Protein chains: 4
Amino acid sequence: MKHMSKVEINKRQKEDSLYAAAYELFTTQGIHNTAISDIVKKAGVAKGTFYLYFKDKYDVLDKIILDKSSEILVEAIENTNIKEFDSFEEKLLYFIDSIIEYLKENKLLLKLIYKNLSWGVVRKAYKDYKGINEIYYMFEEGLKDHDLKEGDIEKIIFIILELVGSVCYSCIVLREPTNIDEMKPILFEIIKKII
Amino acid sequence: MKHMSKVEINKRQKEDSLYAAAYELFTTQGIHNTAISDIVKKAGVAKGTFYLYFKDKYDVLDKIILDKSSEILVEAIENTNIKEFDSFEEKLLYFIDSIIEYLKENKLLLKLIYKNLSWGVVRKAYKDYKGINEIYYMFEEGLKDHDLKEGDIEKIIFIILELVGSVCYSCIVLREPTNIDEMKPILFEIIKKII
Amino acid sequence: MKHMSKVEINKRQKEDSLYAAAYELFTTQGIHNTAISDIVKKAGVAKGTFYLYFKDKYDVLDKIILDKSSEILVEAIENTNIKEFDSFEEKLLYFIDSIIEYLKENKLLLKLIYKNLSWGVVRKAYKDYKGINEIYYMFEEGLKDHDLKEGDIEKIIFIILELVGSVCYSCIVLREPTNIDEMKPILFEIIKKII
Amino acid sequence: MKHMSKVEINKRQKEDSLYAAAYELFTTQGIHNTAISDIVKKAGVAKGTFYLYFKDKYDVLDKIILDKSSEILVEAIENTNIKEFDSFEEKLLYFIDSIIEYLKENKLLLKLIYKNLSWGVVRKAYKDYKGINEIYYMFEEGLKDHDLKEGDIEKIIFIILELVGSVCYSCIVLREPTNIDEMKPILFEIIKKII
DNA sequence: CATGAATGAGAGTTCATTCAT
DNA sequence: TATGAATGAACTCTCATTCAT
C-alpha cells in the first residue's frame, strides 16, 4: 500500500468508487434496473472509466458476489473463533447462526448474492485466505472421529453451506414457506443430525 | 377440452405454441438472449399476440419454472410409487435419486429453473394436485414415529428439496465443487441421517 | 403499384424517405460525417424504423451506389439512342461524353460512388434491365467485325468504363493530374484507338 | 542517417514502428477495424506518442498509400530496366505485367491502396525521385515519334496506370467481372493499341 | 520526449410496447 | 381476436484526444 505511486492510488480510488457505487445501486434498485451510466454517475467518473476496470455490468457483479460471500463466511468464523465452546456441535451451530443473523440483517445483500453463497466458488477463489481456511480447520477438527475419506470434509462443508444459503434465501427474501425464525429450530435439528 | 369452441381451441393453441417456443429458446439460448420477437417468430404468431396471453417475458418464465418444477417432482413420485420398498429410507432415497437423474438428463432445464425447485412455491400453487400431495403423504407416513409438530413435515420436505436442488445445480451445471456422481454418496448419507 | 395496400404504400414511403435522406446527407456531408440519427431525423422517422429497412449505414450506401451507377449508364445510353450517328466510334464517344458530362454536373455523386462505377457490378445486378442491355447491344453491334471470343465484349465494356470512371474521379474530384476538359481529348483519342 | 543523434534515432524508430504496426493492422484487419489503440499496442508505445508523429489514423494511411504506391511503380521499373527489349511495346507490357504480378501477390496491399495507385499523386510527391523519373523517361523515349504536345506524356502515363489500377482492383480483389488472368490478354491488347 | 489514465460525446443497436388496421 | 409496422427511450460500448506526470 505504502509503495503506491500517486497514480496508482488514484486508480485504486476510481476502481473502489465504481465498485461501491455498483454495490449500492445493485442492492437498492436491483441489477436489472441499474445501468452503467447510473454507476458512473454515482461514482463521479466518466463512462469510459468504467470499462478501464470492468468488462461489463456482470463483471462487477461477479466480483461483488464473490467478495461479499467470503466476507460473510469470514465474519462468521471470526465471530465464532473468539468464543469458547464445549463441543463441535455447539460451535458449528453458532457459526451457522452467525451467518443466518448476518443475512437477516442484510436482506438486500442476500437478494443480490441470491443463492450464490457457494463454498465451491469461495474456496477456489480464496484457497490460501486465512478466514476461509479456518472454516476448513473447524470442520476438520470437529469431524476427525468420523473416519472420512480425502475430500469428504469439503463436500460436507459444501452441502451444509448450500443448505443454509438456500434456506435463508427462501425464508428471508421470499418468506417461503415461512420466516427464518420458524425454520431455524428444524434447520438446526437437521444440522445436528448431519454431523 | 371437449367443451371448447373452435375459437377457444385456437386461442389455446396460440398460448401453447408461445409457451413452447419460449421454453425452447430459454433453455437453448438463455433467458437474457431471448427477445419477445424471437419467441413470436418461433411460435409463428404476431408480436402483439404475445401480449394477449402474457404480461412480459418473465411472466412466461415464471409459468415455465412452476410447471417444470412440479413436473419434476410429480414424475419422481410416480416413479417411486410404482415400486415397493422395505423402508421409508429406501423409498425416499429412490425418490431423491429420481429427481437427480432427471436433472442430470435435463441440464438445460436445470439451468433454467436455477435453484427455484422450491417446495414452498410448488406446494402453494398445486396444493390440491394429486402428485404433489403424494409427496406429502410419503413423508407423513415415513415420519409418523418422529413426534413432529404441525407443519414440521412441510419444513422437512422443504429443507430436503432445497438441499437437493442446490446441490444439483452446483454439481451438474457448474461442476462445483465436483460432479454430481461423486457428491451423491455423501448427499445420501446426509439425507439418511436427517430422517 | 396500384395493388398496394395502404400499409404497403406507407412502408414504401418510409423506405424511400430514408433512402433519400441518406443520399442527401452522404453527398453533402460525407459518409463518415453522417450518423444514422442524422438520417432518421431528416427522414422524419424513428431510429428503429431505419433498421426495419436497412442493415446498417453501408447497406443503404451500397444500394445508393448501385442505383446511381446504373442510373448514370442508363441515362447516357438513352441520350445516345435518341440520336443518329455515322459510325460506332462517334456513337461510343457520344455515350462516353454523356457519362463524363453527367459526372461533371454531379461532382458530389461522383465523390460518393468513388470509383465504383463498375460494369461488373451493375451488369450483375441488372442483367435483365433494358437500359443496361442496350449498352451491351451497342458494343455488340459496333464490334461485330472484330472477331471476338465469347465474353470479350463484356471485358471490353468493363475496361472502358473502368477507365472512364477512374479518370473522371481523379480529374473532376481531385483535379489530378489536371482537369477533365484538358484530359478529354487524350482520353477520347485513346478510346478511339481501343475500338 | 549517420549524422543522427541517439535521440533522433530513437525518435525515428518510434515513428517507424508506428508506421509498420499501422500497415500490418490496416492490411490484415481493415482500416475501419483498426483503432489507434491497436496501433500503439502493436508498436509498443504509449497512446500519446502516436500524436507526436501523426495527426490521426488517416494521416498514417495517406503516407502508407503514397509510399506503397510509389514502391510498386519503382520496383516494376527497376525490374524492367535490368532487361533488354526489342521494342517499347514489349518493354511497356513487361512493366505493366510486373505491376500486375506484384499486386496479385499482395492482394491485401491492393485492397488497402484501393484504386489510389495514381500517377498524378505519386508524380507530384516524388517528382525528383529517380525511380519515378525513369518511368517518365521510358514513355518519353517510347513515344518520341508520336508528335505529342507538352504534358501529353504525363496524361498518357496517368491514363494507362489509372486503367491498370482499376482493372487490377476489380479483378484481383472483387474477381469482378472475372479474374485477372482472364482479363490480361484483352488488357494487353488494348494497351498495345493505345501506344 | 514519452506516458497512459481519464475523458465523455455519441455511435450503433435493441426491443418492449403500442395501436391502427 | 390478431396483426406487425412503428416507435423512441434506453442501452452498451468505443475511441480519438487530452494532459498531468
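A residue counts as exposed when its relative accessible area is over 50%. The views below come from a predicted model.

View 1. Asp147(B) has a relative accessible area of 75%, so it is exposed. In chain A, Asp147(A) lies in the loop between helix H8 (130–142) and helix H9 (152–174). With a relative accessible area of 74%, Asp147(A) is exposed.

**View 2. Chains A and B are related by a rotation of 180°.** The rotation superposes chain B on chain A with an RMSD of 0.1 Å, and the shift along the axis is 0.0 Å. The two copies are therefore related as by a two-fold rotation axis. The same surface serves both copies, as 100% of the contact residues of chain B recur in chain A. Among the residues of chain B, Leu163(B) comes closest to the rotation axis, with its C-alpha at 2.5 Å.

**View 3. Two pairs of chains do not touch.** Between chain A and chain C, the nearest C-alpha atoms are 21 Å apart. For chain B and chain D, the nearest C-alpha atoms are 26 Å apart.

**View 4. Helices H5 and H9 of chain C cross in a right-handed manner.** The axes of helix H5 (residues 88–105) and helix H9 (residues 152–174) of chain C come within 11 Å and cross at roughly 35°. From H5(C), the residues in this contact include Leu92(C), Phe95(C), Ile96(C) and Lys104(C). On the side of H9(C), the contact includes Ile160(C), Leu161(C), Val164(C) and Cys168(C). By class, the residues of the contact of H5(C) with H9(C) are 11 nonpolar, no polar and 1 charged.

**View 5. Leu117(A) is a buried loop residue.** Leu117(A) lies between helix H6 (107–113) and helix H7 (119–125) of chain A. Its relative accessibility is 5%, so Leu117(A) counts as buried, the limit for that class being under 20%. Apart from neighbours within four places in sequence, Leu117(A) is in contact with Ser69(A), Ile72(A), Leu73(A), Ile99(A), Leu161(A) and Gly165(A). Leu117(A) and Tyr169(A) are 52 residues apart in sequence, and their C-alpha atoms are 10.0 Å apart in space.

**View 6. Tyr126 and Tyr129 form a tilted aromatic pair in chain A and in chain B.** A search of the whole structure finds 24 aromatic pairs over all chains. The rings of Tyr126(A) and Tyr129(A) are 5.7 Å apart centre to centre, with 55° between the planes. Tyr129(A) has a relative accessibility of 42% and counts as partly exposed. In chain B, Tyr126(B) and Tyr129(B) are paired at 5.7 Å centre to centre and 55° between the planes. Tyr126(B) counts as partly exposed at 21% relative accessibility, and Tyr129(B) is partly exposed at 42%. Elsewhere, ring pairs link Phe50(A), Tyr51(A) and Phe54(A) into a cluster.

View 7. Pro177(C) is found in the loop between H9 and helix H10 (180–194) of chain C. Pro177(D) belongs to the loop between helix H9 (152–174) and helix H10 (180–194) of chain D.

Key
Residues are numbered from 1 along each chain as its sequence is written. Chains are lettered from A and ligands numbered from 1 in the order in which they are written. This is a predicted model: local features need pLDDT of at least 70, side-chain atom pairs count only at pLDDT 80 or more; totals for chains, interfaces and linings use all residues. Side-chain values use heavy atoms; hydrogens and water are left out. Copies are superposed by least squares on the C-alpha atoms of residues with pLDDT of at least 70 in both. Contact means heavy atoms within 4.5 Å. Axes are lines fitted to C-alpha atoms, for helices over the stretch in contact, and angles run from 0 to 180 degrees between N-to-C directions. Helices (H or I, at least four residues) and strands (E, at least two) are DSSP runs, numbered from the N terminus. A crossing is left-handed if the near helix is turned anticlockwise from the far one by less than a right angle, and right-handed if clockwise. Ala, Val, Leu, Ile, Met, Phe, Trp, Tyr, Cys and Pro count as nonpolar, Asp, Glu, Lys and Arg as charged, and the others, Gly among them, as polar. Buried means under 20% relative accessible area, exposed over 50%, partly exposed in between (1.4 Å probe, protein chains only). Rings of Phe, Tyr and Trp (its six-membered ring) pair if their centres lie within 6.5 Å; planes under 30 degrees apart count as stacked, over 60 as edge-to-face and the rest as tilted.
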